[in-house]
Amino acid sequence: MTILIGLMLLFSALASILILALDQELSKRIALAGSGIVLAITIWILVTSLLQGSLSMGEQYPYISAFDISLQLQLTPISFILVLMTAIVAFGAVMAGNPERVREKAANALILLFEFSAIGLFASANLFIFFIFWDIGVIALFFMINILGSANRRYASIKFIIYEIFASSLLLLGIMMIYFYTPVHSFDIGAITSAASTIPQATQQMIFILMFIAFMVNMPLFPLHFWLPDAHTEASTQGSMLLSGVLTKFGAYGMLLIFTMFPIASSLAIPIALLAGFSTIYSAFVTMMQHDIKRVIAYTTIIDMGIILVAIAAMNSFGTYGAAYAMFAHGITIALLFLTVGCMHHIFGSRDMRVVKGVVSRAASTGYSFIMGVFGVTGVPLTAGFVADVLIFIGAIQAFGLAGALPLIGLLMIGAFMYLVINRSFMMTKEPSQPVEYIGIEQQLGYAFLMGSMLLFGIFPFLLLGFANL
Amino acid sequence: MLALLVIVPLVVAAFLAVILRSRTTLVRYVALGASVISLLIAVALLLTSSNMVQQFIWFNVGQYAVHISTTTAPINLMLLLIVAGITPLIFAYSIGYLKTPSEQGRYYFEMCIFAASMMLFSISANFISLFIAWEMLGITSYLLIGFWQYKPKAQLAARKAITTIIIGDVAMLIAMLLIWSTYHTFEFLALYSAAATPALYAAMLLIAVAAFTKSAQFPFTEWLADAMEGPTPVSAFLHSSTMVKAGVFLILILAPIYTNLHILNLFVIFGIVSALVGAMNALAEHHIKRILAYSTIEDLALMFIAIGFNALYAAVLLFIVQAFYKALLFMSAGSIMTAGDDEEDLFESFNSTKNRGLFITMVIGTLSLAGIFPMSGFFGKAAIDSVAANFSSLPNIILYVLLSVVDLLSSIYIFRWLFVPMRKAPLEKAFTLNINYRTLPKSMLIPPTILAAFVIIGSVFYVTLTNLLPLGGLPVSIGVSDTVVETILVLAGLAIAYLLYVKMRLSGFTEKHEVLRGAFNSGAEINVLYNYFAAFVMLSANVVWRFDHYIDRLLYYSGMGLVEIGNRLRRLQNGQTNLYVAAFMLGLLALILLFAL
């Protein structure tokens, strides 16, 4: 038995508390150390599991022994991919810092708290602690928007928390129902999975739909996505990076869980895939009417999450693993995009694509990093997005035939639109906007780190596929 | 793995170009040196290996492996040598052409990446390595078309190019994944013998779409004409001799599959439409490079027609010779533009005879494109005509007539392109113009001369191609009658162009006298088509967005409504006793009244 997962949780929580307790000046260093240690541990796990060719890790710490609930943690290949993504995104966010440099102490503490919750959630083998980590993450990000966000932050954060609490309550209800209806009366995911077929069909369907709606809010998916554009637009740069990069993956990971837990899922796969595909195309259309570049990127999250759900609903190993890879690729890429847009806003004082012109001539690193990010989102080969697209659509085509490739139309539209954005605001240097601020070396290091990870896992996909048991 | 060596120097040079971007002269020679090394490696590949498919695993997915595989089959080596041969010439030409110091690093980075991905494309033996190269071609093309970032027109052109190309990219991705899902392989070789299934039909049609977008065939023609906003070496390299031919090449190597599926005729139909569009627009156009761009569309269309007849040798012959004469013509156009201070209008360009070397190479290129006998272009075009000369059925006859029209038109427009800049300049321009022509840098004159030599030598491919390349399909054979018909058409075109543009210039020939322009300018209509499509998409987007917005507002106001109801109801418990008493009394009164009545 290892203690590595526990150590990751311990260090991130400890760093978060230390930041709160100590001075503002020390906050960034502590945050860097905390998230750096977590990243180092994930890389250690990555290297050892690549050498072994397999990955499976379990840890257990006593928690509420009266109710037979313990802190059960495990790393499967898929959850490890997400933990690695969390570590990379959080480290990138801490390293880049907020270009505005406001309330760094609160920001760093919240990032580390969120990292703690995300790692706990992806590593949890128990629905009870899954729910606890879920809520810690949501609350951390609520404060991230509410305290650190931009002008309209109150509205956006309240909207966010209302949707998320709605989701949480459904999730809690679902978890309670699982506890009462499974014969084993347990929160353990493994035990539930093996006992799920004994739950009567109607109940199973009800639980599935309850949890599906909860995760759907979080992902988000078409009818329940309204919180996302506002929350992403109003959050601080680091907040959007975590929100889109990691928080939306909570829902997607939950989807993966319920699709593997309940046998009923196979009968609902086609309607769910239809909904997800519709959500993709729908938000591609909505994206095309946006002028705020941050909002454009926020909507691409909905598109990508729709594609990921199609892959999950395909319910084959390509789809499932492709979904995990896509979550990884999307998390890093979207964090890069939000970082560049945040810096662009800081530099030019605007992020309206009709106003900002010629970013590459006045802020070259920001401009070209954004372009790289767009390459990543549109799945250009040698970025991680390409491998994800290949895996996902092989899975989708195997499950749904040619119709499985239709969400690519959404990707096509978003690609065309993103190139339009690049063209108008980044490349066209006639009468460029004048910079009013400059970004420091930290932000450029952040670009380099996120871009490097995006390319590393795109050029060497075996790093994430080497330990997979497909 | 060995074949991949060929791209290494260029990739290294690309990153060196970024690192050394402040040392502008060094960057040029680094790129040139790297391209020469690549050429040497390509030649070494030709001499040492024969038809090897090499694979290495890129990544494993469960029990399946995804390979990057390369091949040194003769046809792949042919494209590799064309690309590797033209690259140093283009880089040499760029030394004289592109002088702005601040642009050097970016230019050579993008050009080296482009050249590397084109080489990867030419040696790829499966869909994965092909798709990597395919996307990189699209992106570098986008970046290079919009290279001059201060030119808004260049940016619009780049946007149009990437929007078209991305359609092809997605079609290609769907096609390759469909093929994998059905046959569990990405290798071309394994697909040649694959059984026909509906999935294969769908995939092959999608690949045809992808090829049409890349090779600018109808209805995706317009991006190529707009792409001429980029620097001239880019046009000479990407948009005439290499990148746009990726689509043709792809169909060429997949032709056996199309033959199995019996859908080769598709290429004849789209080819003839594109050829007409290209030839007519070339005649209507005034922009010195756009004429050549439309001409490129026509050339590519002729190659597709040849493939459609399963005359692969004829297609390959034109494929090879077109690369030389089109690159040559573009370089000449760039020289004329440089001499005329970036004057792009054909009718504002003068005195092209003042530089003998330039003029002679221009004549050689023109004669080759038109198809005058000993030039290599003649063999390329006559081969395709001879394939089409099959009068067994009415469609074939119509096709032959249309092809003859295309030949005639192309002869007219290319001689127009040659004759119009020959005119004497007005006095106020002549002095600087003559100086500019005489001081054209050597680096802009030597590469076209080398290409001119290739244009003339290229004729030998007509004889040797069958021995060099083992291909399926019909052999090339140009009969006497084909030669006669082709020569008559070309001479007729020459005569018409002479009458229109040399004789009539004495009477002050200007734009408004040009009767052909309005009749042939179909590029504008195709653009209108694009605009309608874009407007349709944006309209749908608007409808969907409004829906989204209204739902969001509805939710917001219903939330606000709940808050408002709460606010109103709050008065019920505000603690003011007098109000409670008043309410109580009113209620009591109402009760009494109720019971009393």
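This is a predicted model: local features need pLDDT of at least 70, side-chain atom pairs count only at pLDDT 80 or more; totals for chains, interfaces and linings use all residues.

Residues are numbered from 1 along each chain as its sequence is written, and chains are lettered from A and ligands numbered from 1 in the order in which they are written.

For the complex, the predictor gives an ipTM of 0.91 and a pTM of 0.92. Chain B has an average pLDDT of 86, and 97% of its residues score at least 70; pLDDT is the predictor's confidence in each residue, from 0 to 100.

Let me turn to the interface. Chain A brings 38 residues to the contact and chain B brings 36, where two residues are in contact if their C-beta atoms, placed from the backbone, lie within 7 Å. Which helix of chain A gives the most to the side that touches chain B? That is H17(A), with nine residues. Helices H11 (265–287), H13 (317–348), H14 (359–362), H16 (384–400) and H19 (462–465) of chain A are among those that each supply at least two residues. Helices here are DSSP runs of H or I with at least four residues, strands are runs of E with at least two, and both are numbered from the N terminus. By class, this side of chain A has 30 nonpolar, six polar and two charged residues. Ala, Val, Leu, Ile, Met, Phe, Trp, Tyr, Cys and Pro count as nonpolar, Asp, Glu, Lys and Arg as charged, and the others, Gly among them, as polar.

Within chain B, the assignment gives domain 1 (1–125), domain 2 (126–191 + 198–521) and domain 3 (532–596); such bounds come from an automatic or database domain assignment. The centres of domains 1 and 2 of chain B, taken over C-alpha atoms, are 23 Å apart. Their contact takes 34 residues from domain 1 and 46 residues from domain 2. On the domain 1 side, S1 (53–61), S2 (64–71), H3 (74–97) and H4 (104–123) of chain B each supply at least two residues, and H3(B) has the largest share, 15 residues. That side comprises 26 nonpolar, seven polar and one charged residues.

I come now to the helix pairs. Two packed helices are described by the angle between their axes and the distance between the axes. Axes are lines fitted to C-alpha atoms, for helices over the stretch in contact, and angles run from 0 to 180 degrees between N-to-C directions.

In chain A, H15 (364–377) and H18 (441–459) pack at about 25°, with axes 11 Å apart. H15(A) is therefore roughly parallel to H18(A), a term for angles under 35 degrees, with those over 145 counted as roughly antiparallel. Their contact includes A:Met372 of H15(A) and A:Tyr447 of H18(A), and its residues divide into four nonpolar, four polar and no charged.

In chain B, H6 (152–183) and H8 (198–214) pack at about 155°, with axes 8 Å apart, and are therefore roughly antiparallel. Their contact has 16 nonpolar, four polar and one charged residues.

Lastly, H3 (77–96) and H4 (104–123) of chain A pack at about 175°, with axes 9 Å apart; they are therefore roughly antiparallel.

Terms used:
Angles under 35 degrees count as roughly parallel, over 145 as roughly antiparallel, 65 to 115 as roughly perpendicular and the rest as oblique.
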